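Subject: Structure for your review

Dear colleague,

Please find below the structure that I am handing over to you. I would be grateful if you could read the notes after it with the coordinates open.

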Amino acid sequence: MPAEILRVEGLRKEFPGVVALDGVDFSLKQGEVHVLLGENGAGKSTLVKILSGAYRPDAGVIQVDGKPAQIKGTTDAQRLGIATIYQEFNLVPQLSVAENLLLGRPPRRLGLVDVRRMRTQARELLERVGLRIDPQAKVGTLGIARMQMVEIAKALCLNARILIMDEPTAVLTTDEVERLFAIVRQLREQGVAVIFITHKLEEIPQVGDRVTVLRDGRSVGEVPATADQDELVRLMVGRPIDQQYPRRSQPPGEPLLKVRGLTRAGGFADVSFVVRAGEVVGLAGLIGAGRTEVARAVFGADRYDSGEVSVNGERLPPGDVHAAMEAGLGLVPEDRKGQGLVLGADVAENLGLVTLGRFTHAGFVDRAGRRKAAGDMAGQLGVRMSGLGQEVRTLSGGNQQKVVIGKWLLAEAGVLILDEPTRGIDVGAKVEIYQLINSLTASGHAVLIISSDLPEVIGMSDRILVMARGRLVGEVPAREATQDLVMALAVADVEDARVEK
Ligand SMILES: Nc1ncnc2c1ncn2[C@@H]1O[C@H](COP(=O)(O)OP(=O)(O)OP(=O)(O)O)[C@@H](O)[C@H]1O
Ligand SMILES: [Mg+2]
């Protein structure tokens, strides 16, 4: 029997208006991967933050190696051998990869930071996670997936005995997830205990040993990682979910979004497609295939060298987000923290950010109307909050994502581009979002959905466009699409992949 390395009993944590943890029991053995599962706002990250010393609990006991442990701050956690990969990145965007990796403990020579050794050490760490990037690159310039791999490398260099990973796979694609799992298995062999949080149920049997389910701040069950998905969902949500992808197709109408020959040197080339009224079109591909770049260029957030974009027959000036929004285009960005939310503002304000015009009459803002619309949307998406006045900063990760999506769903843009819309969203809330997407298309809107979750793209789209290395390499109607087919197109070399008719 492997020794119990960590035990938590009756852990409680209250925030103004919310009981985040209401008596959590949890135990972790040496060399096990213990999955923490629960709906958005169930208390997973709060538990993690207590164990890593970011929050103090209101009540409860924490034992490490059978002895009561006081974790008053991050140094206590480090001393106990606990390292954490947070759900929100803790990287400093202005610093280089090497500086971020060795933040706080850079190698020194004669009292000065030894820059050469720092780079070598950084390179070794990056190799461990299979990330080929320049250690001198600024972290802020990396995509979100690469940032996550840096975050993982950073935690690994602490040589922790307990490694906590809060949704490490949310922003990774299949390849990177595989690499991460290989690392996790290797750590487990070495006796490291891992707490692993994910909303992707299929990952649980691949990487986990045991699962603890949290619901409303309480531990409601502990099952082996081989438990079937229905059982996990029932424990988590309290009811079964019958239809995961409730897609209803209708005959497509007029083309609403037309993209022709969109090209940017070093980014993407000759990208052409249309999205018609009533359609959901999926955009699949590996990370780095250029999907987000194309979406941002179409929306006017980034420039392009040539090509054209039109919405509703009206040609958009390049690089002009305001014109795009005026024309009825919306974009839910993949990086919610950087681009989607005003963290210091409350839920109602964030939900109202793009609908302000609709609730302004003769120069007066109809606050009550706006608040009611925000409240209805928050209710529909099941945003877990103390009220519409809660600061978005203090919402759980998944609930923040719901607010970003809700804001754009409320805007009722004629053409909505969703970049990884359900990242970090629990299984129950996903279905609500799918239903809202369906009601948009049913009323004649067009939706382009970028997702690394293949079952989701296949389940929710009428057609799937596949990108690889900056080009469109294939188009598959949903009824013919399988994960294997889409993946095969996504990894095929641009040279021998032909755009199918
Ligand atoms: N600093 C804070 N101030 C106020 N409320 C907070 C704070 N941190 C967390 N909460 C609340 O505590 C509850 C639990 O949040 P937590 O982040 O632990 O959820 P989670 O299980 O990690 O969810 P997700 O899957 O969405 O990441 C939520 O209702 C959240 O709004
Ligand atoms: Mg969380």
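Predicted model: local features only at pLDDT ≥ 70, side-chain atom pairs only at ≥ 80, totals over all residues.

The protein chain falls into two domains, with domain 1 covering 4–237 and domain 2 covering 255–491. Their C-alpha centres are 29 Å apart.

Interface between the domains

On the side of domain 1, 24 residues are in contact with 22 residues of domain 2. The size of an interface is often expressed as the accessible area that is lost when the parts come together. Here, the area buried between domain 1 and domain 2 is about 1800 Å², and carbon and sulfur atoms give 56% of that area. Within domain 1, the residues that lose the most area to domain 2 are N40, I144 and T173, which together account for 31% of what that side buries.

As to specific interactions, the rule finds 1 salt bridge across the interface of domain 1 and domain 2. The side chains of D216 and R384 form a salt bridge, with an N to O distance of 2.9 Å. There are also 6 residue pairs in polar contact across the interface of domain 1 and domain 2, both residues of each pair being at pLDDT 80 or more.

Helix 8 gives the most, with 3 residues. By residue class, this side of domain 1 consists of 12 nonpolar, 7 polar and 5 charged residues.

Surroundings of ligand 1

There are 23 residues around ligand 1, and those that come nearest are G41, K44, T46, S396 and G398. On the side-chain level, a nitrogen atom of ligand 1 is 3.3 Å from an N or O atom of Y55.

With kind regards

Notes: Residues numbered from 1 in each chain as written. Chains lettered and ligands numbered in written order. Heavy atoms only, no water. Domains from an automatic or database assignment. Contact = heavy atoms within 4.5 Å. Buried area = accessible area lost by both parts, 1.4 Å probe. Salt bridge = Lys/Arg side-chain N within 4 Å of Asp/Glu carboxyl O. Polar contact = N/O pair within 3.5 Å; in protein donor to acceptor, adjacent residues only side chain to side chain. Helix = DSSP H or I, 4+ residues; strand = E, 2+ residues; numbered from the N terminus. Nonpolar A, V, L, I, M, F, W, Y, C, P; charged D, E, K, R; others polar. Near = heavy atom within 4 Å.
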